[in-house]
Amino acid sequence: MTKLGIHGGSGKMGTMIYECAQNFTNIEISAIYSIEPLKYSPNCIVTNDLQKLFENCDAVIDFTIKDGAIALLNYAKSHPKPICMGTTALGSEGEALLKECGKKMPVIYATNMSLGVAVLNSLTAQASKILRDFDCEIVEMHHRHKKDAPSGTAMTLAKTAANARGLDLEKVRISGRDGMIGERKKDEIAVMSLRGGDIVGRHSVGFYNDGEFIELNHTATSRATFANGAIKAALWVINQENGLYDINDCLGIKKCVR
């Protein structure tokens, strides 16, 4: 029986991971870290002490916010433990910590734990390269409570599209249009965010040319998709050598990047 710990147990994803874990016969949620009261009654250790979390699990699944994820990674540097991280918008500090931790333990970091999104990302790379002269536009839609924009998944898709064309995303990305801005630049990649209602997540990557266009879409209808993906990724990463992995490595789509 594999023991998994949840870092961020009071959040929507932490709650969903606990619920989905009850459907797995080969794991148990043995510890939950939360600084806020839980709205459910788990049959495991609940703590706000990272030491207790780490001591009582074989791997940690993290879905928090930037500050929480960075605190977790800083602790893990001196207390190595397999980590499955789904927190997005980590910034340069968080990305550096992920690489540092990857030297001491196996870490899987994914901006989206969905199999469908992994395939969408792969298709985006192919389409962006083949349709080099098409305009590329990305739109993401999420619920009204989402705090960061663009979503981590949208940024991953944008980086994939830019890399396939040999472009530096930071030099070609825009996230809004307003007023007399002039014609669209040739290499421009727009990443637009929409917020409303209870939309779990929708991502669209479009390639537009005179006379034709192609749109690749993925819609998540339940957070359980991401929760189940995170649990499977955590089970996978436990058996890996030290390194920094992503969801494509877990699914066998590409080799590990160290």
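Author: Happy to; we can start with the overall build and then turn to some of the strands. One thing to keep in mind is that this is a predicted model.

Reader: Thanks! How many helices and strands are in the protein?

Author: The protein has 9 helices and 12 strands. Its radius of gyration is 19 Å, close to the 18 Å that the globule rule gives for 258 residues, so the protein is as compact as a globular protein of that length.

Reader: And what does the C-alpha trace span along its principal axes?

Author: About 60 × 40 × 30 Å.

Reader: What share of the residues counts as buried?

Author: Of the 258 residues, 49% count as buried. The accessible surface comes to about 13,100 Å², and carbon and sulfur atoms account for 50% of that.

Reader: What about contacts between residues at least 6 apart in sequence: how many of them join residues at least 24 apart?

Author: That would be 65% of those contacts.

Reader: Switching to charges, how far apart are the mean positions of the positive and negative ones?

Author: They are 2 Å apart, with 30 positive and 29 negative charges in the protein.

Reader: Okay, strands now. Which way do E7 and E10 pair, parallel or antiparallel?

Author: Antiparallel, over 7 bridges, with E7 covering residues 135-142 and E10 covering residues 201-209. If you click on Glu137, you will find Gly206 of E10 opposite.

Reader: Found it! And in what sense does E7 pair with E9?

Author: That pairing is parallel, again with 7 bridges, and E9 is made of residues 189-195.

Reader: What do E10 and E11 form, and how many residues lie between them?

Author: They form a hairpin with 2 residues between the strands. In the turn, Gly211 has a positive phi of about 90 degrees.

Terms used
Residues numbered from 1 in each chain as written. Predicted model: local features only at pLDDT ≥ 70, side-chain atom pairs only at ≥ 80, totals over all residues. Heavy atoms only, no water. Helix = DSSP H or I, 4+ residues; strand = E, 2+ residues; numbered from the N terminus. Rg over C-alpha atoms; globule rule 2.2 N^0.38 Å. Buried < 20%, exposed > 50% of the residue type's maximum accessible area, 1.4 Å probe, protein only. Contact = heavy atoms within 4.5 Å. Areas by Shrake-Rupley, 256 points an atom, 1.4 Å probe, with all protein chains shown as cover. Lys, Arg positive; Asp, Glu negative; His and termini not counted. Charge placed at Lys NZ, Arg CZ, Asp CG, Glu CD. Pairing = 2+ DSSP bridges.
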